[in-house]
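Please open the model in your viewer and keep the selection tool at hand.

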Amino acid sequence: MEVNMSYKKICIIGAGNISNTRHIPSLEKIKECKICGIISDERKKIDRTYLRHKYLRDKPFLLIDTDKDIVEQLKQCKWFEEIDAVVIGTPPKQHFPMVRACLLLNKHVLVEKPMMMSVNECDEVMEIAHRNKRILQVMHSFQFSKGMEEMYSRYKSGEFGELKSILELQLTNRDRRLPVWYNELPLGLFYDEAAHFFYGARRFGGKLKVLNAHAQYNAQNDNTPRFLEAQLKSGNIPVQMYMNFNSPICEWGMILICDKKIAIYDYFKDIVVVLKNDNMHLAKDVLRTSFMFSFLFWKGFIKNGFKMLSHNLLYGHDRCMKKYIEAIDAGETCFELSAELGKEVVTAMNEVVRYVKEK
């Protein structure tokens, strides 16, 4: 196919699981862009990407050494000069040097969550992006999943009534496929995964403020807690987070507790279940609630189950990619994917880390 030169030339950086299962499939759906190169610090990841996405085999790659100057290595890569924008799916500790290098070389950047490891890193890359007039976005993807968008739209319409509190629950089975580097992070899996819960709560309430947090551990050499609990405020809305990293199953959920209705979002299945006030909690009310929960859950599960099996359930990554390309054209970004929100999430996550380590 002949390439339209008005297309955005995109480089994939990372080439791991998130790049192959979310970033590349999402970019494939956007006619205004074309993947024109791959960068990774491991040749086997590049080879797996070529094997999985055969049409990319003719695209150039760069095997980068993360222990050396990233800017200089990218400068010496001739094909990278032609790239308009990058999508970064590297481990979190590599976000800062990679984002900084790409912004310094005048590339637009979309980086996976969490944005950075520290507030200072956030400030530095935001300053470079502003100075060079480049788009810097953070992949806060679940805000644009179909289930979350439905829940947000129905909440904003007033259907649920007044929001009283938010409850967020994470159960994680460590026998599932996990990145090899997760326990190198502050609080291990918490730091890699918790951003979804922070920006999720932020959207329904307001600016995040961490009030308290504590954790229990399996062993001293295990950075990931056995259990973590955090209390926050999102605007004036109380937020309670419960995270168990020793569970035999994986389930993530966010519950909006309102005066008229309760809304339950299932992250992994991208399902929203809305239940009415059960009034006096009589037998008929309990039966009605139980029936509606089962019916709405299975209705959503059957619909999305086929998408999961066919690898077409992208959890909002496709919408984020579309908004990224639109932001490059418009020269401005929406708050939901902004570096400002990314910094706010990193700030809150590091506050949780501080509370836990002080106890």
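Two strands are said to pair if DSSP finds at least two bridges between them, and the strands themselves (E, at least two residues), like the helices (H or I, at least four residues), are DSSP runs numbered from the N terminus. This is a predicted model, in which local features need pLDDT of at least 70 and side-chain atom pairs count only at pLDDT 80 or more, while totals for chains, interfaces and linings use all residues. Residues are numbered from 1 along each chain as its sequence is written, and side-chain values use heavy atoms, with hydrogens and water left out.

Begin by selecting residues 261–266, strand E12, which pairs with E13 in the antiparallel sense over six bridges. The two strands form a hairpin with four residues between them, and in the turn you will find Asp270, whose phi is positive, about 55°. Now select Ala263 together with Val274, its bridge partner in E13. Strand E13 (residues 271–276) is largely enclosed by the rest of the structure, because five of its six residues are buried (under 20% relative accessible area; exposed is over 50%, partly exposed in between, with a 1.4 Å probe and protein chains only).

Next, select helix H2 (residues 43–52), where Arg43 and Asp47 lie four residues apart, about one turn of the helix. Their side chains meet in a salt bridge (2.8 Å, N to O), a term for a side-chain nitrogen of Lys or Arg within 4 Å of a carboxyl oxygen of Asp or Glu. Arg43 is partly exposed at 40% relative accessibility, and Asp47 is also partly exposed, at 35%.

Finally, select Lys299 in helix H9 (residues 283–309), which is exposed, with a relative accessible area of 55%.
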